[in-house]
Amino acid sequence: MAVACAHSTWASCPAYVLHISLAISIPILRAFYYHVPYITLPEFYLTAMAYIKPDHYAVIGNPVAHSKSPQIHALFAQQTHQQLVYTANLVVLDQFEHALQTFAENGGKGLNITVPFKHAAWQWVTQRSPRAERAGAVNTILFRPDSTSYGDNTDGTGLVRDLKHNQGVTIRGQRVLLLGAGGAARGVLMPLLEEQPAHLVIVNRTADKAVALAKDLTDVGTVTGCAYQDLGAESFDIIINGTSASLKGEVPALSASAIAKECLCYDMMYGATPTTFMQWAQQHGAQRTLDGLGMLVEQAAESFFLWRSVRPETASVISAIRAQL
Ligand code: ATR
């Protein structure tokens, strides 16, 4: 009896197909050659495991060596007993599409995409989630058995889950200020607006970019864009730094009057010590400051859920990664 598999390689067959094939064929072969018509259970398990190639996932970017994603996904896999391999792949700038194609052809199941390829990934995938569509960027790709690719953006949901579930912050009805109008800021806007803040203001050094971003999203919520000097005396309950200023040790030109009495200041960047923005916020009266490590782990958890249909527990992973910073 032969067990047919519709897929091109054994590695892409469902595990149960391999188990059934081995369970039937090995005892028959053994009986035929050695006249011993049985197979022990541990022997069967080891043989089966040797044949099952774990699913392959990766993060691709340039640079990518600093990425914490391989450690995060290894911890998720261990915790949820999933058989998978997750690597960090450096891709030459003009080889991005070739890298995606090769990864898919080799049976890769999913990718995370990081700087500077998120928009190129958005253009490449065959289908996009609504939140990726709006973000203009894809950070997660699922390769489907029918050779199509599904692009998602889990950054914004990662931020919202960190704020709501990990930190107990309510966004609904709050005055929210988002600093920056680049890729990072754009990626989180739709999930933030879906939480229905009273008002979301995007402020950017180059005001036109903030105004254009806000215009694109007026159907999702109350959102406006402006320059730092146009903020006036308005204050906010939640201020989120989505600029790349912290990377350079800089702080956006925000007036301290933007910090309301019980304000939470959140930097999407993270580090071993508080970022320059967090230090500035602490010095200017913010009640709470947080960095973006929780967001990083939560966006990874959302990708993991898309790929494996299992939602990992994140608190222990955030602590483990924090300890390594
Ligand atoms: P990313 O993908 O990290 O968002 P990006 O698309 O280059 O990177 O965007 C960087 C963002 O940080 C922009 O909003 C940028 O403002 P401009 O659009 O005016 O350039 C903002 N930014 C960078 N350095 C800044 C600084 N020192 N002060 C204020 N904003 C800064």
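The model is predicted. Helix 11 (residues 293–308) is taken up with two partners, helix 3 (residues 69–80) and helix 7 (residues 155–166). The ligand is surrounded by 15 residues, and Asp-267 in strand 11 is described at the end.

**Ligand shell**

- Among the 15 residues around the ligand, the closest are Gly-182, Gly-183, Ala-184, Arg-205 and Thr-243.
- Helix 8 (residues 183–194) supplies three residues, the largest share of this shell.
- Sorted by class, the shell consists of seven polar, five nonpolar and three charged residues.

**Helix 3 against helix 11**

- Two packed helices are described by the angle between their axes and the distance between the axes.
- For helix 3 and helix 11, the axes come within 10 Å and the crossing angle is roughly 55 degrees.
- Helix 3 is therefore oblique to helix 11.
- The crossing of helix 3 with helix 11 is right-handed.
- On the helix 3 side the meeting residues are Ser-69, Ile-72, His-73 and Phe-76, and on the helix 11 side they are Val-297, Ala-300, Ala-301 and Phe-304.
- This contact of helix 3 with helix 11 comprises six nonpolar and two polar residues, with no charged residues.

**Helix 7 against helix 11**

- The axes of helix 7 and helix 11 come within 7 Å and cross at roughly 115 degrees.
- Helix 7 also passes helix 11 in a right-handed crossing.
- Helix 7 contributes Asp-155, Thr-157, Gly-158, Leu-159, Arg-161, Asp-162 and Asn-166 to the contact, while helix 11 contributes Gly-294, Met-295, Glu-298, Gln-299 and Glu-302.
- By class, the contact of helix 7 with helix 11 holds five charged, five polar and two nonpolar residues.

**Asp-267**

- Asp-267 belongs to strand 11, which spans residues 259–267.
- Asp-267 counts as buried because 28 other C-beta atoms lie within 10 Å, where the cut-off is 20 or more.
- Setting aside neighbours within four places in sequence, Asp-267 is in contact with Asn-241, Ser-246, Thr-275, Phe-277, Met-278, Asp-291 and Gly-292.
- Thr-289 is 22 residues from Asp-267 along the chain, and the C-alpha atoms of the two are 7.9 Å apart.

Note on methods: Residues are numbered from 1 along each chain as its sequence is written. This is a predicted model: local features need pLDDT of at least 70, side-chain atom pairs count only at pLDDT 80 or more; totals for chains, interfaces and linings use all residues. Axes are lines fitted to C-alpha atoms, for helices over the stretch in contact, and angles run from 0 to 180 degrees between N-to-C directions. Helices (H or I, at least four residues) and strands (E, at least two) are DSSP runs, numbered from the N terminus. Angles under 35 degrees count as roughly parallel, over 145 as roughly antiparallel, 65 to 115 as roughly perpendicular and the rest as oblique. A crossing is left-handed if the near helix is turned anticlockwise from the far one by less than a right angle, and right-handed if clockwise. Two residues are in contact if their C-beta atoms, placed from the backbone, lie within 7 Å. Ala, Val, Leu, Ile, Met, Phe, Trp, Tyr, Cys and Pro count as nonpolar, Asp, Glu, Lys and Arg as charged, and the others, Gly among them, as polar. A residue is near a molecule or strand if its C-beta atom, placed from the backbone, lies within 6 Å of it. A residue is buried if 20 or more other C-beta atoms lie within 10 Å of its own, exposed if 12 or fewer, and partly exposed in between; C-beta atoms are placed from the backbone.
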